[in-house]
Amino acid sequence: MEKFKYVKPGMSKINAGMPSKFGLPVKQKIISGIDGIPVSALIEEYGSPLFVISEKTIRDVYGEAKRAFDTRYPKVQFAWSYKTNYLDAVCSIFHEEGSWAEVVSGFEFEKALSNGVNGSQILFNGPEKSRDDLIMAIENNACIHIDHFDELYLLIEITREIQKKARVAIRINLDAGIYPIWDRFGFNYENGEAWNAINRIMLAESLELIGLHTHIGTYIMAQAAYGIAASKLANLYMAIHRKFDYWLKYLDLGGGFASKNTLKGAYMPGSETCPSFDDYAEAISNALISSEIPHENLPVLFLETGRALIDDAGYLLTTVLANKRLNGGRRSMVIDAGVNLLFTSFWYNLGVFPTKEMDHAEETTIYGPLCMNIDVIRDAIVFPQVKTGDQLVIERVGAYNITQWMQFINYRPNVVLIDNDGKTHIIRKKESLATFKKVEFDPKRG
Amino acid sequence: MKITNEVRISDNGFVFNSKTGDSFNVNPTGLELTKLIAQGHDFDSIKNIFLEKYDLDDLTFEKDFYEFCALIKHHQITSQEDPLDFK
Ligand SMILES: Cc1ncc(COP(=O)(O)O)c(C=O)c1O
């Protein structure tokens, strides 16, 4: 006699007519494939866990952002924020789309050069620029964004020494109504420090001031803050013109646009609450166009948007290792991707989805495989019953994970790009023992 | 382990616990398990019934069975005085 197909016994509590905590219906979303390629095929070929990047999504999202600004402001230039995701293959797509590079270290600077970016199209930010880094930046004609007075004086010293002019901007921190104010970076607007720095630079023969920069924070949910920031930069821009009869080339509003991820503690999903590129563009463009700046002298608007441009393009595919009932009765599961690969799981309630229809959704805790208590990917997510070996997809992980991941306990996994033609390419190879043998030395063994 | 007196199980998979006021949906295999437990079958007997009927190996059954038992116990559908029950 033929036997019946077995289905794991399950039971779920009925919450009659109760909306979820978000007031939204709980409908299980499924991600069975990425850009037309089944998740199972990707894992079969490249292993699990696996980061997957969609070239199509990168270009689509970039196009959307570019259009939002281009239709509102005459001169816009994006500079790809390397720290957000500096895989060469990813940077190259942004550069192909026309992005310059925004870097914050000698390493990122070298990476941008090696990706074929012309030195004059590199914005060099951050408090960590060594003497050698600064010399490299000057030799390559980069835009050096000065962070503090010590750096300003070091630059004056170096440019005298090597007898070369440096093209510089200053980073400005300001009150845009966003708290906390990131006042540890750059020169303060409100207390006059920024104006002092500008005056000092204008007196330095070896420095050419070409722009003003600010970065008011990250995941900024209020577009109005950008309007305030842009107005303050516009005030300085006009003050420089009045005093020195000189027009700067650009105002750089930095990064910070929110991605569609949901912050921990938020009541509504990020996809419902974060402003669109149009909202940000409207706030910034309005502030600049309605400022005192004459239309024919409007500066180029630089943007260093990071997470909002790349989060959606990144997925982490993972496999269920085990199911457990915790003592309190809560269902939990262990997956093969831990917080060491998902730095952003500390900020976001990341979206984790099954790859096929499943039932018996229940509040579940999702743990990573590390032998540590902090390894929690989601502490409470309504999730269907899964089996060992089932594959899951974590979405919106394109930003800050592949740059901030930690090698711990296991090798870091493959990163695969799905190109515009639907072909897959390894763009960062899974580590192996050889990765470690290359950089480790044991004096006992010689 | 036995199903508590306050629990009502309907044939379409609806379970109501009047002690806690909670109601539940069980899937068909879950319903079958619950009924077999209610009828007083022990682990070996339930295992034999399942292995006979379903395309299933004994380890998978054992794992799922104990997980299901933990779940219904958590929802106070069963009470288990002796922690070594079902061993
Ligand atoms: C100077 C600067 N620009 C741009 C970015 C990118 O920010 P986001 O990813 O929030 O857009 C950062 C991130 O910290 C930054 O420090």
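User: Ala, Val, Leu, Ile, Met, Phe, Trp, Tyr, Cys and Pro count as nonpolar, Asp, Glu, Lys and Arg as charged, and the others, Gly among them, as polar. What makes up the lining of the second largest pocket by class?

Analyst: In this predicted model, the lining of that pocket has 14 polar, seven nonpolar and seven charged residues. The lining counts 28 residues, and A:Lys83, A:Val104, A:Trp182, A:His215 and A:Tyr400 lie nearest the centre of the pocket. Helices α4 (106-114) and α12 (401-404) of chain A are the elements that give two or more residues to this lining. The pocket holds about 600 Å³ of space.

User: How do you know which space the ligand takes?

Analyst: A molecule sits in a pocket if more than half of its atoms lie within 2 Å of the pocket's grid points. The space taken by the ligand is the second largest pocket.

User: Which residues come nearest to the ligand, and what is the shell around the ligand by class?

Analyst: There are 15 residues around the ligand, and A:Thr218, A:Gly256, A:Glu304, A:Gly306 and A:Tyr400 come nearest. By class, the shell has nine polar, five charged and one nonpolar residues.

User: How much of the ligand does the protein bury?

Analyst: Of the 390 Å² that the ligand exposes when taken alone, the protein buries 92%.

User: What makes a space a cavity and not a pocket, and how many cavities of 30 Å³ or more does the structure hold?

Analyst: In a cavity a 1.4 Å probe fits but cannot get out, whereas a pocket is open. The structure holds two cavities of 30 Å³ or more.

User: Which residues line the second largest cavity?

Analyst: A:Lys8, A:Pro9, A:Gly10, A:Arg325 and A:Gln385 line this cavity together with B:Asp64, B:Glu67, B:Phe68 and B:Leu71. Helix α3 (residues 58-74) of chain B gives the most to this lining, with four residues. The volume is about 50 Å³, and the lining has four charged, three nonpolar and two polar residues.

User: Why do some backbone angles deserve a mention?

Analyst: Most residues other than glycine have a negative phi, and most peptide bonds are trans. The bond from A:Ser48 to A:Pro49 is cis, with omega near 0°; A:Pro49 is in the loop between α1 (39-46) and β5 (50-54) of chain A. The bond from A:Tyr179 to A:Pro180 is also cis, with omega near -5°, and A:Pro180 is in the loop between β10 (166-173) and β11 (187-188) of chain A. A:Tyr219 is not a glycine, yet has a positive phi of about 50°. A:Tyr219 lies in the loop between β12 (207-213) and α8 (224-244) of chain A.

Note on methods
Residues numbered from 1 in each chain as written. Chains lettered and ligands numbered in written order. Predicted model: local features only at pLDDT ≥ 70, side-chain atom pairs only at ≥ 80, totals over all residues. Heavy atoms only, no water. Near = heavy atom within 4 Å. Areas by Shrake-Rupley, 256 points an atom, 1.4 Å probe, with all protein chains shown as cover. 1 Å grid on protein atoms, 1.4 Å probe; cavity = no way out; pocket = protein on both sides within 12 Å on 5 of 7 lines; lining within 4 Å. Points joined across faces, edges and corners; volume = space filled by probe spheres on them.
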